[in-house]
Amino acid sequence: MEGQDGKGNNDSNQKADKRFALCYMGWSSLDRRTTLPMLPWLVAEIRRKSEKNESGPAQAREVQLYLSPPLIRCVPANSSNLSVFIFEHKAQFISRFIHNSHDLSYFAYLIRSQPDNPESEMACHVFKACDPNQVPEVISSIRQVSKAALKEESKPKQESDESFYNSQKFEVLYCGKVTVNHKKAPSTLIDDCIDKFRQHEIERKRLRLLNGQRSFGEQQEIRTRCNSLAGGLQKRPREVGKGSTRRRHASAPNNVQPSDADKNRTMLFQVGRFEVNLISPDTKSVVLEKNFKDISSCSQGVKQTDHFGFICRDVVESGPAQYVCYVFQCASESLVDEVMLTMKQAFTTAAALQSSKNQIKLCEACPMHDLHKLCERIEGLYPPRAKLAIQKYLSQLSDNEQVNIFERVQKMKPASDHEENELVILHLRQLCETKQKSHVHIGEVPQQNASGSTVTSDNSIAGRNKLDVLKNKARSSLTSSLENIFSRVCVCVVRLLQWYCQQYHSTVTVFFLSGKSLSICCFSDHMDGRELLPLSPRALNQDQDPQVSPLSPEQGFGGEKGRRSPADYRALWKKAIHQQILLIRMEKENQRLEASRDELHIRKMKLDYQEVCPCSKEVQALWDRKLSSPCRTKVQWDKEEIHSAVCQGVPKSRRGEVWLLLSQQYRLRHRLPQRQQPPETPYQDLLKQLTAQQHAILVDLGRTFPTHQYFSTQLGAGQLSLYNLLKAYSLLDTEVGYCQGISFVAGLLLLHMSEEQAFDTLKFLMYDLSIRRQYRPDMISLQIQMYQLSRLLHDYHRNLYTHLEEHEICPSLYAAPWFLTLFASQFPLGFVARIFDLLFVQGTEVIFKVALCLLSSHEGEILECDGFESIVDYLKSTIPTLTHSQMEEMITKAIEMDISKQLHAYEVEYHVLQDELSDAPPPSEDSDRLDKLEKANSQLKKQNMDLLEKLSHFWKCLIYLYICYLCQNVSLFYSQEFLSTHKKNKKIINKYIYIYIYILCIHFKH
């Protein structure tokens, strides 16, 4: 394809060529089953090797990356010969980019070595840019080259691996679960479950009225635990028997466990490739996970069409597996239809992935799938917590594999938990890739060997595959079964010892061992069953014999022949109780420290941006005094003093508190009218409702600050908090609902404060500062703002205004995202946070001032652009890449500028122009008259053309007569007789000849 280009295309190709100065860190090969959660660990591995100069496929070096469609060529930086390159490949073979690491200057891409072979390996190339702002430009350029190359190819791009682990998400309301006796659902199952849930709710209210709120508290606490998804307790038998007396279907609801209506039951229903997940936005965790192989049927309500559910197999620790139906509610019937269609497609795709030969083969037992689940589980976790999850995964491996990985990691001497996690994931990936090569998928028959005989029979293959799938569950099930057997044996032993002590009037001390834990129980003839309490377990020393009592004879035995006195028993019980209390306290303190450490880590992650205009220690002390003032929410402060403090700077660590303080002071000075105030619906009540804007919100979650670590994890804590905030506001403000751009404003608030504080601050920005007007469906406020910005350019920067008007570039082409996202979508976070500081004291005027400063500072460069595309590209791409000094200069200029009067005058001017346009008669009233005039005009044009043709014919005839007459006169004038008689009048004759010729020329011209 490269050799088919003619000479005419060479010039255009040379213009399209781009080069970037980068640092090439290296590359690594990986399996095609490597998924998105695994990629950051792979990039970290390549980075670590290059930073420590370890041996690898390539070493870190300065390079020039040439983009020459359709090729990407990596050339050494000191080489001027393009034929000498490190590597070269086609851009259309790139399948994915990685740019969500801790250091934004690093990026990587995956490339397929053999696109037509699904079992071929892939390669990951890692680069580092000198400026992090250069990375988006490089990625965008490579994508453009790839798209251009794909358009030239005849066969379409294969996207099977691109969407391999993509998932669909829906917001649902969890209604509850019921136990059924059969895996197939009748058509009325969902309706019957809803009726049962309503009966249960009526019974619960009746009990609350009878028993009173206080006495019902204990029952409600027990019922809440029973109704949780994690709990597996059953209802009492007397409640099971209630219901209709008609004959029941085999899958009719049996044991009903509705959800608690007083709590937030809204969940995110995620349909993946092999499983269904139920994610709680409140707890930021997965509360239910079911594999497709466990789901037997899905159904939709007949009467309750906005409800759906599915029956799945539920494994109980004590007893056989049972079938459970989970019931959910959606915002509308159309959404339920979409959920059912998505699940049907997911089932079909999962089956195709396991049976098709043209796609990547993957099954539940694949080692790479297990590694994917691990990386997905630890994504975004604090390193110590991620380490615990990795250790839990390692415990499922064989002893030899564990020892091998442990020895390799210890040889490299990791300096921190994060580095140790990277090394463990590195060796786990190598182990899983090795296992994957010899792995036999579920339902797949192994190939025959060279001699033609099969490796094993079909029956043994099926059994072995089934064993591979269930081996991890078998280990946990075996452990739990042994613990249950041990507890039953202990009960029997206790009863036997009680009887022995009563019969023979003796005392027995029993030590119960479980691993390294020791429990002590004492029995005597004067103790009844009510005095038998379990003592606290404690760890044994390694040099202590477990069969020997840890108590000394002086401490434990008070008399001869090993008999104990009642005082000894009381002392023993007292010591055990004190140990148990101390253990509980230490456990609580440990949990508190872990929560504090996690909170500190999340706060540090949120504020991971470069601060613009950092404040001095004196300004920090000033804000500390203001934030610690007891009357800050009730007493108005001096407006000039607050404005001066904000202009001097705001500490990043307390920026959220300062914004709350500024909003409270603004509300004390400006009270909104009652009709303009937002509804007083609590935030937690809004979270319990379903929103119709869920699709738009879920799509924009991944687009909001995609490179920030707090929001980069798919459905992580950051995205779930952002979803809660956007959902609550869409339910509060039904006129606006959700609009693109609000997510960036809400995301910036979440980086500095909690969810409820961010919701209150968002209400302040939208209602008190009237920003919500630009998000209305008509967007009239945004049109006014674009007109105001255009008039500011006209009055302050006439040359720039004229240049933009000549190329028909209006402010809405480049400034609309600035106003809708308050600069948060394109500019650095530190710069945007500083704009928000001024926004709370100056209002929306600061947006115009910053926009005007940005355009004026780049006026010379914009005037040098001589085309529409070059100007728009400069406005959208180059202006946001500001240096730190430029950002500080912009903020300083914006603070000193005052354009409030001009903005008010421009707004009045816009309304006057709109009134004049509205007073003009609408075109629909004169449509008939306009049609008549158009018809008359066309008739007149036709008549005019006919007259012109006639007139042209007339002039032709007239010119012909003139020519004949002129010829006769000329011949007469020049005759010998005439000349001889009129020699004196020769000059007059020539004059007449010239006049005739001039007239003739004029007529010919017409």
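C615 counts as buried in this predicted model. Its relative accessibility is 11%, and buried means under 20%. C615 belongs to the loop between α13 (566–606) and α14 (617–627). Which residues does C615 contact, leaving aside its neighbours within four places in sequence? They are Q620, Q648, G649, V650 and P651. Q648 is 33 residues away from C615 in sequence, yet the C-alpha to C-alpha separation is 6.5 Å.

D700 is another buried site, at 6% relative accessibility. This residue is part of helix α18 (residues 694–701). Not counting residues up to four places away in sequence, D700 touches Y738, Q740 and S743.

**Backbone exceptions**

Most residues other than glycine have a negative phi, and most peptide bonds are trans. Some sites here depart from that pattern. L822 is not a glycine, but its phi is positive, near 55°. F823 also has a positive phi, about 70°, and is not a glycine either. L822 lies in the loop between α25 (816–820) and α26 (829–842). F823 is placed in the loop between α25 and α26 as well. L822 is buried at 2% relative accessibility. F823 is buried at 1%.

The peptide bond between P69 and P70 is cis, with omega about 5°. P70 sits in the loop between β2 (61–68) and β3 (71–76).

| Residue | Location | Relative accessibility |
|---|---|---|
| C615 | loop between α13 and α14 | 11% |
| D700 | helix α18 | 6% |
| L822 | loop between α25 and α26 | 2% |
| F823 | loop between α25 and α26 | 1% |

**A seven-stranded sheet**

Seven strands build an open sheet with antiparallel pairing. Their order is β4-β3-β2-β1-β7-β6-β5.

Now take β6 (residues 106–112). Four bridges join β5 to β6, and the two strands run antiparallel. In that pairing, I98 stands opposite A108, and R96 stands opposite L110. On the other pairing, seven bridges join β6 to β7, again antiparallel. There L110 stands opposite C124.

How many residues of β6 are buried? Seven of the seven are, so the strand is largely enclosed by the rest of the structure. Both faces of β6 are covered. One side carries the buried residues Y106, A108, L110 and R112. The other carries F107, Y109 and I111, also buried.

**Rings and charges**

The charged end of R47 sits over the ring of Y106, 4.0 Å from its centre. Elsewhere, K626 lies over the face of W637, with 4.8 Å to the ring centre.

F107 and Y109 also take part in an aromatic cluster. The cluster consists of Y24, F87, F97, F107, Y109 and F127.

Across the whole structure, a search finds 29 aromatic pairs. One of them joins F292 and F347. Its geometry is edge-to-face, with 4.6 Å centre to centre and 75° between the planes. The pair links distant parts of the chain, 55 residues apart. F292 is in the loop between β12 (285–291) and β13 (295–300), whereas F347 is in helix α6 (residues 333–355). F347 is partly exposed, at 27%.

**The chain as a whole**

The protein chain has 34 helices and 18 strands. Of its 1006 residues, 42% are buried. Take the contacts between residues at least 6 apart in sequence: 69% of them join residues at least 24 apart. The accessible surface comes to about 56,300 Å², and carbon and sulfur atoms account for 53% of that area.

Note on methods. Residues numbered from 1 in each chain as written. Predicted model: local features only at pLDDT ≥ 70, side-chain atom pairs only at ≥ 80, totals over all residues. Heavy atoms only, no water. Phe/Tyr/Trp six-rings, centres within 6.5 Å; stacked < 30°, edge-to-face > 60°. Buried < 20%, exposed > 50% of the residue type's maximum accessible area, 1.4 Å probe, protein only. Lys NZ or Arg CZ within 6 Å of the ring centre and 35° of its normal. Contact = heavy atoms within 4.5 Å. Areas by Shrake-Rupley, 256 points an atom, 1.4 Å probe, with all protein chains shown as cover. Pairing = 2+ DSSP bridges.
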